[in-house]
Amino acid sequence: MKKYLLLLVSFISFSVLAQKLAPSPAAVASQKVGNTEVMIKYAQPSVKGRLVFGSKEAKALVPYGEVWRTGANEATTIEISNDITVQGKTLAKGVYSLLSIPGETEWTIIFNKEAKMWGAYTYKEASDVLRVKARVSEHAHTEQFTIGITAAGQVTLDWDKSSVSFYLK
């Protein structure tokens, strides 16, 4: 019996340790905006001394002008319980992949009807439901990519020294 208990404790300890050491741990941001429940599921990559945003030539982790999964691992997803507006444009309730095209001063935020994809490797522009523009601002260094949502509907993407916000209503 002691042998089985030791084995079980070892397995649980290893599982917990493995989750803590994940290079891009899973995260969820959720908030009620008006009458709408908003939930964003994503993975949090870290800077780890790398150039995060920039040109392809500079070997940036996330090159300007290219579609990014807006996180790590599987594409980030956003689920909304009611129709909502994003930057003043209507988005029907549902689950979408939340992709982006980073730029130096402005990003394109993409809501794509293919919610299940690994990264952005199978991304098809024809499946975009909505695209909006969002301004970039300089931010204090954020080591791990983080998404936040306020009750007022501001969704903020913070990573490295960049912060990008768009608004839900």
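1. Read along the sequence, the protein chain of this predicted model follows the pattern α-β-β-β-β-β-β-β-β-β-β-β.

2. Seven strands form an open sheet, ordered E1-E2-E5-E8-E9-E10-E11, and the pairing is antiparallel. The edges are held by strand E1 (26-33) and E11, each of which pairs on one side only. On average, and with direction ignored, neighbouring strands of this sheet are turned by 30 degrees against each other.

3. Within the sheet, strand E2 (residues 36-43) pairs with strand E5 (residues 77-80) in the antiparallel sense, over four bridges. In this pairing, valine 38 stands opposite isoleucine 80 in E5.

4. Strand E10 (residues 128-149) and E11 also pair in the antiparallel sense, here over eight bridges. Serine 137 stands opposite serine 163 in E11. The hairpin of E10 and E11 has four residues between the strands, and glycine 153 there takes a positive phi near 95 degrees.

5. A residue counts as buried when its relative accessible area is under 20%.

6. For the chain as a whole, 43% of the 169 residues count as buried. The protein chain exposes about 9900 Å², of which carbon and sulfur atoms supply 56%. Among contacts between residues at least 6 apart in sequence, 52% join residues at least 24 apart.

Note on methods. Residues numbered from 1 in each chain as written. Predicted model: local features only at pLDDT ≥ 70, side-chain atom pairs only at ≥ 80, totals over all residues. Heavy atoms only, no water. Pairing = 2+ DSSP bridges. Helix = DSSP H or I, 4+ residues; strand = E, 2+ residues; numbered from the N terminus. Axes fitted to C-alpha atoms, helices over the stretch in contact; angles between N-to-C directions. Buried < 20%, exposed > 50% of the residue type's maximum accessible area, 1.4 Å probe, protein only. Contact = heavy atoms within 4.5 Å. Areas by Shrake-Rupley, 256 points an atom, 1.4 Å probe, with all protein chains shown as cover.
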